[in-house]
Amino acid sequence: SVSEPLKVMISGAPASGKGTQSQLLVNKFGLIHISTGDILRAEVSSGTEIGKKAKEYMNAGLLVPDEIVTAMVTARLLCEDAKTKGWLLDGYPRSFDQAQSLEKLKIRPDLYVILDVPDETLIDRCIGRRLDPVTGKIYHLKSFPPETEEIRARLITRPDDTEEKVTSRLEIYKQNAEAILSTYSNILKKVNGNRSKEEVFAEIESLVSQVQKDKEKAIKSG
Ligand code: AP5
């Protein structure tokens, strides 16, 4: 490729659509999707040491301690595939300290996308969310129902998707969001996430394409 690999962060409140947009972005740009929520859920379901430590925090809707998550993310970002294909980081950094950990390692994104969605929509999205454990695809009982009865029968609900836990997750998000923005103020783009997923994607896709073009230009001009 003519350009340096793309480095993108996607952020936003619980259920703002980070996972949904990440699946679309990864298909389009071939980036390595690094989702801390997905990695942690995989550790929990395979019963690893990390999973055992993380489980109680996650099920309570609280943040998993930094030392666990930061080691996990930095190891993944430094893998060869992420370095050559570029990455899309979803769910990290989630606090000022986490953002500073990446800064210290000189790991900086080209673009920081924030999905903006009103609180009342977030609760409804969480309550209706279902995951397909076979394909990893994200569904919603009303907005994106499963295509077949076979898929419907195997869908799972996340233990942290109750109204009470979503409220707690949203509170923690709001406590941390501002402090993270200061680290990325020169590259952040706020996107209205309260539209169809196609409309949201069209905007993010054009932001990422623009960054890609700028990087190519910068390389050509030396
Ligand atoms: P994580 O999995 O990252 O949870 P989250 O941030 O709460 O985000 P969600 O996965 O709930 O939502 P999303 O934005 O991906 O939305 P989605 O696309 O699924 O983290 C889980 C837990 O892990 C944390 O609580 C914490 O314990 C731990 N953890 C993770 N990272 C950590 C870190 N860095 N430090 C410490 N702890 C950490 O969409 C939601 C629903 O809406 C779906 O049903 C979808 O179909 C629907 N939907 C999506 N887009 C649209 C649209 N445009 N219109 C209508 N419906 C839509």
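Val26 is found in helix H1. The model discussed here is predicted.

Visitor: Is Val26 buried, partly exposed or exposed?
Guide: Buried requires a relative accessible area under 20%, and exposed requires over 50%. Val26 has a relative accessible area of 21%. Val26 is therefore partly exposed.

Visitor: Leaving aside neighbours within four places in sequence, which residues is Val26 in contact with?
Guide: Val26 and Trp87 are 61 residues apart in sequence, with their C-alpha atoms 8.8 Å apart in space. Contact is judged on heavy atoms within 4.5 Å. With neighbours within four places left aside, the contacts of Val26 are Leu31, His33 and Leu88.

Visitor: Which element gives the most to the largest nonpolar core?
Guide: That core has 24 residues, and Leu77, Trp87, Leu89, Leu102 and Tyr184 have the most contacts inside it. Elements giving two or more residues to the core include strand S2 (32-35), helix H3 (49-59) and helix H4 (66-77). The most, five residues, comes from H4.

Visitor: How many residues are in the second, separate core?
Guide: Leu77, one of the residues with the most contacts inside the largest core, touches Ile34, Ala82, Lys83, Trp87, Leu89, Leu102 and Ile107 when residues up to four places away in sequence are not counted. The second core is separate and includes Val113, Val200, Phe201 and Val208. Its count of residues is 17.

Visitor: What do the buried residues of H7 pack against?
Guide: Helix H7 spans residues 119-128, and Leu122, Ile123, Cys126 and Gly128 are buried in it. These buried residues pack against strand S5 (129-131), strand S6 (138-140) and helix H9 (163-181).

Visitor: Which element supplies the largest share of the shell around the ligand?
Guide: The residues of the shell divide into 13 nonpolar, 11 polar and nine charged. Helix H1 (18-29), helix H2 (36-45) and S6 each supply at least two residues. The largest share is four residues, and the element supplying it is H2.

Visitor: What percentage of the area that the ligand exposes when taken alone does the protein bury?
Guide: Of the 33 residues around the ligand, Thr20, Thr36, Leu62, Arg94 and Arg129 come nearest. An oxygen atom of the ligand lies 3.0 Å from a polar backbone atom of Gly17, and a nitrogen atom of the ligand lies 3.4 Å from a polar backbone atom of Lys197. Taken alone the ligand exposes 1100 Å², and the share of this that the protein buries is 95%.

Note on methods. Residues numbered from 1 in each chain as written. Predicted model: local features only at pLDDT ≥ 70, side-chain atom pairs only at ≥ 80, totals over all residues. Heavy atoms only, no water. Buried < 20%, exposed > 50% of the residue type's maximum accessible area, 1.4 Å probe, protein only. Near = heavy atom within 4 Å. Polar contact = N/O pair within 3.5 Å; in protein donor to acceptor, adjacent residues only side chain to side chain. Areas by Shrake-Rupley, 256 points an atom, 1.4 Å probe, with all protein chains shown as cover. Nonpolar A, V, L, I, M, F, W, Y, C, P; charged D, E, K, R; others polar. Core = buried A, V, L, I, M, F, W, Y, C linked by side-chain atoms within 4.5 Å.
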